[in-house]
Amino acid sequence: MIIDLHMHSNISDGSLSPSELVYLAYDNGVQLMALTDHDSMDGVHQASAVTEELGMGFIPGVEVSTGWGGRVIHIVGLGLDASAAGVDAFFRDVCTKRDRRGQLIGERFASFGIQGAYEGALSLADNKDNLSRTHFARWLLKAGYVSQYQEAFDKYLKTGRPCCVEIDWPGLDEVVELIHSAGGMAVIAHPGRYAFSEDWMLDELFKKFQALGGEAIEVCSGSQTRDADQKFAEVARQMGFLASAGSDWHTHGGSRPLPGHQSPIPEDLTPVWRFLRHL
Ligand code: AMP
Ligand code: MN
Ligand code: MN
Ligand code: MN
């Protein structure tokens, strides 16, 4: 069975609408999928309706940004109810912070002589209520300030670069609690992507997450290397985490594999979807 539990639509920083994304997943043979937009569940209803028409399995999801150990960590929530108490208000609040950060990023760019970045990024965001650094990168490329998308992050937007403005993201404990209170399971997204200054910090993250009741880690992710997949398969084995897998697909022409094209999880691990109710 081809499964993909991590993908983005234009409700956050992906380029396809939730329906178009479902069709793309279907065309790639995906039989069970989750929509996991950043800090929003606004696309789940539309995606769910199309999967039903196509006879695919669907799990409502979200990729929640959280601050931990001086880094932004992404926690995927799977199987949670978007209409549960507190869910909508939680994500509205985060998206308000995203907009405020966008204005500050615009001011940083202005100080480098690049005017109109906030308005430009916003014009490229299909959902004006969920502004991402990705939209800034796309605008910089379109306006000719960089010659490649990745250059926008490397020069200006990634952690430590001058136009990266931090958000006071919700804490790990709050995020796990929110997911659980809405009936979902919590998954550490792409663990191979967190550049902690010390290796032991990643171990601490796993321990803390497990102590909070976090259930799973993404063993196979289209946004980490195959070596990382193997390394985190071993972590799941040792620590008793359930295993999740997803392409982290955002857009055509991006760096991520197509929906469902991430590596399959090793057979000895227990997949997280075994415990999730499919719609
Ligand atoms: P945000 O959540 O608005 O801070 O933006 C984060 C998004 O930007 C991620 O979900 C990725 O899609 C993208 N991103 C973050 N860091 C990088 C990077 N170093 N290179 C390319 N894309 C990145
Ligand atoms: Mn993204
Ligand atoms: Mn992520
Ligand atoms: Mn993602």
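**A buried glutamate and the metal sites**

Analyst: In this predicted model, Glu 63 has a relative accessible area of 0% and is therefore buried.

User: Is His 74 buried or exposed?

Analyst: Buried means under 20% relative accessible area. The relative accessibility of His 74 is 14%, so His 74 counts as buried.

User: Which protein donors hold the manganese ion (ligand 4)?

Analyst: The donor residues of the manganese ion (ligand 4) show the spacing H-x1-H-x54-E-x184-D in sequence. At 2.1 to 2.2 Å from the ion, the protein donors are His 6 (NE2), His 8 (NE2), Glu 63 (OE) and Asp 248 (OD).

User: How many residues apart in sequence are the parts tied together by His 8 and Asp 248?

Analyst: His 8 lies in the loop between strand E1 (3-4) and helix H1 (18-27), whereas Asp 248 lies in the segment after strand E7 (242-246). His 8 is buried because its relative accessibility is 0%, and Asp 248 is buried because its value is 2%. The parts that this pair ties together are 240 residues apart.

User: Which residues coordinate the manganese ion (ligand 2)?

Analyst: Along the chain, the donors of the manganese ion (ligand 2) follow the spacing D-x24-H-x211-H. The coordinating residues, at 2.1 to 2.2 Å, are Asp 13 (OD), His 38 (NE2) and His 250 (NE2).

User: How many residues apart are Asp 13 and His 250?

Analyst: Asp 13 is in the loop between E1 and H1, and His 250 is in the segment after E7. Asp 13 counts as buried at 4% relative accessibility, and His 250 is buried with a relative accessible area of 12%. The pair links distant parts of the chain, 237 residues apart.

User: How far apart are the manganese ion (ligand 3) and the manganese ion (ligand 2)?

Analyst: The manganese ion (ligand 2) also has a separation of 4.7 Å from the manganese ion (ligand 4). Between the manganese ion (ligand 3) and the manganese ion (ligand 2), the distance is 5.6 Å.

User: Why is strand E4 (residues 71-78) largely enclosed, and by what?

Analyst: E4 runs antiparallel to strand E3 (residues 57-68), to which eight bridges join it; Thr 66 stands opposite Ile 73 there. E4 also pairs in the antiparallel sense with strand E5 (residues 185-188) over four bridges, with Ile 188 as the bridge partner of Ile 75. Because six of its eight residues are buried, E4 is largely enclosed by the rest of the structure.

User: Which residue takes a positive phi in the hairpin of E3 and E4?

Analyst: This hairpin has two residues between the strands. The residue with a positive phi, near 60°, is Gly 69.

User: In E6, which residue is the bridge partner of Val 187?

Analyst: E5 and strand E6 (residues 216-221) run parallel and are joined by two bridges. The partner of Val 187 in E6 is Ala 216.

User: What is the handedness of the crossing of H3 and H5?

Analyst: Helix H3 (residues 87-111) packs against helix H5 (residues 133-142) at an angle of about 35°, their axes being 11 Å apart. The crossing is right-handed.

User: Is His 45 buried or exposed?

Analyst: His 45 is found in helix H2 (residues 44-54). Exposed means over 50% relative accessible area. With a relative accessible area of 70%, His 45 is therefore exposed.

Key. Residues are numbered from 1 along each chain as its sequence is written. Chains are lettered from A and ligands numbered from 1 in the order in which they are written. This is a predicted model: local features need pLDDT of at least 70, side-chain atom pairs count only at pLDDT 80 or more; totals for chains, interfaces and linings use all residues. Side-chain values use heavy atoms; hydrogens and water are left out. Buried means under 20% relative accessible area, exposed over 50%, partly exposed in between (1.4 Å probe, protein chains only). Two strands pair if DSSP finds at least two bridges between them. Donors are N, O and S atoms within 2.8 Å of the metal (3.2 Å for Na, K and Ca); water is not among the atoms, so sites may look incomplete. Axes are lines fitted to C-alpha atoms, for helices over the stretch in contact, and angles run from 0 to 180 degrees between N-to-C directions. A crossing is left-handed if the near helix is turned anticlockwise from the far one by less than a right angle, and right-handed if clockwise.
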